[in-house]
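Please read the points below with the model open beside them.

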Protein chains: 2
Amino acid sequence: MEPKTYAQAGVDVIKAEAFVTRLKRLSKRADHQQLWPAAGGYAAVYPVDERTAMALTTDGVGTKLLLALELKQLSTIGIDLVAMCANDLICVGARPVAFLDYYAVGKLVDEDADQVMQGIVEGCDQAALLLVGGETAEMPDLYKGGHFDMAGFAVGLVSREKLITGERIKKGQQVVGIASSGIHSNGLSLASKLVGTDKRLKEQLLQPTLIYTKPVNEILDKKPQAITGLSHITGGGWRNMLRLSKTAGYRLANPLPVPEIFEHLGRTVEKDEMYKTFNMGMGLTVITDGDDDMIVKTFSEYGFTAKVVGEVTDSRGELVIDGVGALGGAINLKE
Amino acid sequence: MEPKTYAQAGVDVIKAEAFVTRLKRLSKRADHQQLWPAAGGYAAVYPVDERTAMALTTDGVGTKLLLALELKQLSTIGIDLVAMCANDLICVGARPVAFLDYYAVGKLVDEDADQVMQGIVEGCDQAALLLVGGETAEMPDLYKGGHFDMAGFAVGLVSREKLITGERIKKGQQVVGIASSGIHSNGLSLASKLVGTDKRLKEQLLQPTLIYTKPVNEILDKKPQAITGLSHITGGGWRNMLRLSKTAGYRLANPLPVPEIFEHLGRTVEKDEMYKTFNMGMGLTVITDGDDDMIVKTFSEYGFTAKVVGEVTDSRGELVIDGVGALGGAINLKE
């Protein structure tokens, strides 16, 4: 049977969320009062002194790496790994500075490993991150054949002034949408099954995740308060925006065009499920109080497609997309 | 055939080192001049300002997790994960502050995941680390059955004053050895094969890695310059000490007793190979210029077995152990 939802594709988001909730309880949340509160839980913000904090995040690329293995195209999966981490860091206002990778293989195959690392190095260049370390593990009994897994760890620095807490998000502010390159690194378990054996579509799925750090760095350097909220669109799709503020809702009256790949995926999947699983052509949203022109211009100068796609409402927790409807329910897959 | 070396057990250290060398070339070492140089490459030290830096490291537990799965004892493998990272951070003089985990499973089994996380939380308590985040990935097509992998990322803070560079290591200084709890988290691929089906020995192998951070924090708080070198004994065994200084050698005339488990493992493995693969009962060495009494006392107060085991020599790159002989050749598995 062809899967019609993310859960049917073997990824149980509800169960994963329940686990994360139990974990939070276990890890003594009281201690977390020493962290600076930041919007969306995209990164933990640990103070170094009164003015400066480290932003910390970790991520993987999920089953996108199985697709890369299947297509024998390993040179860009490292870009995805860096992207998933770097794009999370900017969501709290941090400037990404350093990256480390964990790379575990069944058997170290020189050509494969070199390709993977080439992608990581390229991703770090794109993100203006310094690759400062990593761990390479050879585990013949855990990973079969040429299989491998990888995790990334990125660190940024953020000043009090630039920290994005979500508290400045208010009704009437503009939502700038930045285009994705395609599916990026979320929803691949479902998407891979949906495209079947179509090699052209599979190659489209493998398109590397865009890295948005440089324009965001520049915007915050120009004007530290220009951004009131930033949402990296990952697992959970556009509902990621609802992570940013406890009071805001969003109305997207003028969304970016939906790329062809999602039309294919949407043939057998409900529209609602599509928007809750995939980025649907928008990899990042930037919320601003009047600096939308500068933000669109800066992203455009770096080669990104960007435009005002909607505005903030006071319909708490509600995301309304013209032509799609209302998507409720916040989602947070991060611990 | 029973493996007699680490390479025969499927772990090709030479190949892994060659890969790391290529990687270093790829990642533009010139950029790394902005890092503070620290002893042994145990952690990357990235400056926040002129006085303070972040220390960053990542590690896994290797095939110890397969043993944990086999014995259905998952509650301590998280301690090993934290230990591998936290013990690396202290080697550059850093105080470990925050930890993140990457946890990838074939299928999220609540009881297993809770046990794994319980170990991570316990490890963070032992290390005085705050668990600030993580990523949980469900990848049914990558990991079979209840299999999983995990990676840890730890961050510390270090002042210029406390930074351990290895440059203060000089002939005649004392080497304090701190006992391990057993095999810790290195050499398990070989050890698991050597113990065969003996359940008692397998359980000994699973003993969690000791976490040495609290006494080291206290020693450096009392006297920031008390330690001239610190070596976490991981893959590569006692030769890890040779990572610390380009001029020093070591003579260990009075080593700690070798625990029973290593006697068993050593029945079919050459002594030289044993000392190059396992910790042989010593999980950490601390080099000091005259503060050996204070260091032994502090570790003892925290319940660790510690004593002066030898001294620094000027036989560059040479490690001589009474009753064993000379072990040459520096090893550095970190990127």
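The points that follow go from conventions to the chain as a whole and then to local packing.

1. Conventions. This is a predicted model, in which local features need pLDDT of at least 70, side-chain atom pairs count only at pLDDT 80 or more, and totals for chains, interfaces and linings use all residues. Residues are numbered from 1 along each chain as its sequence is written, while chains are lettered from A and ligands numbered from 1 in the order in which they are written.

2. Chain A overall. The secondary structure of chain A comes to 10 helices and 12 strands; helices (H or I, at least four residues) and strands (E, at least two) are DSSP runs, numbered from the N terminus. Of its 335 residues, 55% count as buried. A residue is buried if 20 or more other C-beta atoms lie within 10 Å of its own, exposed if 12 or fewer, and partly exposed in between, with C-beta atoms placed from the backbone. Among contacts in chain A between residues at least 6 apart in sequence, 83% join residues at least 24 apart. A contact means that the C-beta atoms of two residues, placed from the backbone, lie within 7 Å.

3. Nonpolar core. The largest nonpolar core has 215 residues, and the members touching the most others are A:Val82, A:Val92, A:Phe99, B:Val82, B:Val92 and B:Phe99. Such a core is a set of buried Ala, Val, Leu, Ile, Met, Phe, Trp, Tyr and Cys residues joined through C-beta atoms within 7 Å. Apart from neighbours within four places in sequence, A:Val92 has contacts that include A:Tyr42, A:Val45, A:Val158, A:Leu163 and A:Ile164. In soluble globular proteins, nonpolar side chains tend to be buried together.

4. Seven-stranded sheet, chain A. An open sheet of 7 strands runs in the order E7-E9-E6-E10-E8-E11-E12, with mixed pairing; strands pair if DSSP finds at least two bridges between them. Strand E7 (227–232) and strand E12 (325–327) of chain A are at the edges with a single partner strand each, so one side of each has no neighbour in the sheet. The twist averages 25 degrees from one strand to the next; angles run from 0 to 180 degrees between N-to-C directions, and axes are lines fitted to C-alpha atoms, for helices over the stretch in contact.

5. Strand E8 (residues 249–252) of chain A is antiparallel to E10(A) over 3 bridges, with A:Tyr250 opposite A:Val312. E8(A) is also joined to E11(A) by 3 bridges, here in the parallel sense, and A:Leu252 stands opposite A:Ile321. E11 (residues 319–321) of chain A in turn runs antiparallel to E12(A), again with 3 bridges; A:Val320 is opposite A:Ala326. Helix H10 (residues 292–301) of chain A lies across strands E6 (174–179), E9 (282–288) and E10 (306–313), at about 145 degrees to E10(A).

6. Five-stranded sheet, chain B. The order in this open sheet is E1-E2-E5-E3-E4, with mixed pairing. Strand E2 (residues 52–60) and strand E5 (residues 148–159) of chain B are antiparallel over 9 bridges, and B:Leu56 stands opposite B:Val155. Helix H3 (residues 77–90) of chain B packs on the sheet, touching E2, E3 (95–105) and E5, and its direction makes about 25 degrees with that of E5(B).

7. Helix H5 of chain B. How many of the 8 residues of H5(B) are buried? In H5 (residues 188–195) of chain B the number is 6, and these pack against helices H2 (64–70), H6 (199–206), H8 (260–265) and H9 (271–277) of chain B. H5(B) and H6(B) pack at about 165 degrees with axes 9 Å apart, and are therefore roughly antiparallel (over 145 degrees). B:Leu188, B:Ala191, B:Ser192 and B:Val195 in H5(B) meet B:Leu201, B:Lys202 and B:Leu205 in H6(B). After H5(B) comes B:Gly196, whose phi is positive, near 60 degrees.

8. A loop residue. A:Gln73 sits in the loop between helix H2 (64–70) and helix H3 (77–90) of chain A. A:Gln73 is partly exposed, with 15 other C-beta atoms within 10 Å. Leaving aside neighbours within four places in sequence, its contacts are A:Ala68 and A:Leu206.

Technical notes: Angles under 35 degrees count as roughly parallel, over 145 as roughly antiparallel, 65 to 115 as roughly perpendicular and the rest as oblique.
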